[in-house]
Amino acid sequence: MSDTQLKVSRTQAENKLYNQIERGREILDLPIGTNRELNEFVILKDKWLDQSFDILLYIFDGERLVNGFSNKTSNLHGKYNLTIEEVKFGLKGAVSYLESISEDLDLIPESPTTNLEKQSKNNQKILSEGDSRTVFVVHGRNNKARKSIFQFLRSIGLHPLEWSQ
């Protein structure tokens, strides 16, 4: 991932990936028993794929991860020539790809343009809007523990912000 850098803060990247992964899981859990449900599934799946591309382009500088996602999902748009099981299997692969990116996020450096001033302004904006679900997280160097606490906080409906010096 040497050619890839974060264009946003690590926390923003984690949040966006986490939310997109959750939306993908929700789509995978949709019941498909009728043509209407199938059509709804296909529409939501295609929209999710497009949003995933947009998110990857927003988060990362460099094309490696976007191209990897593109290769994983190239046959998933629409519903032509694939069974629903094949489409779901491909969508599971796409969700897994985003999960692996999320798990390796600590290995991807932030680009020079991602600075503390930008993050500080964003944090101030969120706090000034009075969102009581937003919490600051102060942590040490244990990235596994940090990632776990961020996932837990998101799972209970909170919006964790990383405290930066």
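The backbone nitrogen of Gln12 lies 3.1 Å from a polar atom in the side chain of Ser9, a polar contact being a pair of N or O atoms within 3.5 Å in which, within protein, one must be able to donate a hydrogen and the other to accept it, while residues adjacent in sequence count only if both atoms are side-chain atoms. Ser9 itself belongs to the loop between strand E1 (5–6) and helix H1 (10–28); helices (H or I, at least four residues) and strands (E, at least two) are DSSP runs numbered from the N terminus. Ser9 is buried, its relative accessible area being 5%, where buried means under 20% relative accessible area, exposed over 50%, and partly exposed in between (1.4 Å probe, protein chains only).

The model is predicted: local features need pLDDT of at least 70, side-chain atom pairs count only at pLDDT 80 or more, and totals for chains, interfaces and linings use all residues. Residues are numbered from 1 along each chain as its sequence is written, and side-chain values use heavy atoms, with hydrogens and water left out.

In soluble globular proteins, nonpolar side chains tend to be buried together. Here the largest nonpolar core has 29 residues; such a core is a set of buried Ala, Val, Leu, Ile, Met, Phe, Trp, Tyr and Cys residues joined through side-chain atoms within 4.5 Å. Two or more residues of this core come from each of H1, helix H2 (35–59), helix H3 (64–73) and helix H4 (84–103), and H2 gives the most, with 8 residues. Trp48 is among the residues with the most contacts inside the core. Not counting residues up to four places away in sequence, Trp48 touches, among others, Ile27, Phe69, Leu91 and Leu98, contact meaning heavy atoms within 4.5 Å.

The charged side chains provide a further set of links. There are 6 salt bridges, each a side-chain nitrogen of Lys or Arg within 4 Å of a carboxyl oxygen of Asp or Glu. Arg146 pairs with Glu14, their closest N and O atoms being 2.8 Å apart. This pair links distant parts of the chain, with Arg146 in helix H6 (residues 143–155) and Glu14 in helix H1, 132 residues apart. Glu14 also meets Arg154 in a salt bridge (3.5 Å, N to O); because Arg154 lies in helix H6 and Glu14 in helix H1, the pair ties together parts 140 residues apart in sequence. Both Arg154 and Glu14 are buried. Arg146 forms another salt bridge with Asp106, at 2.6 Å between the closest N and O atoms.
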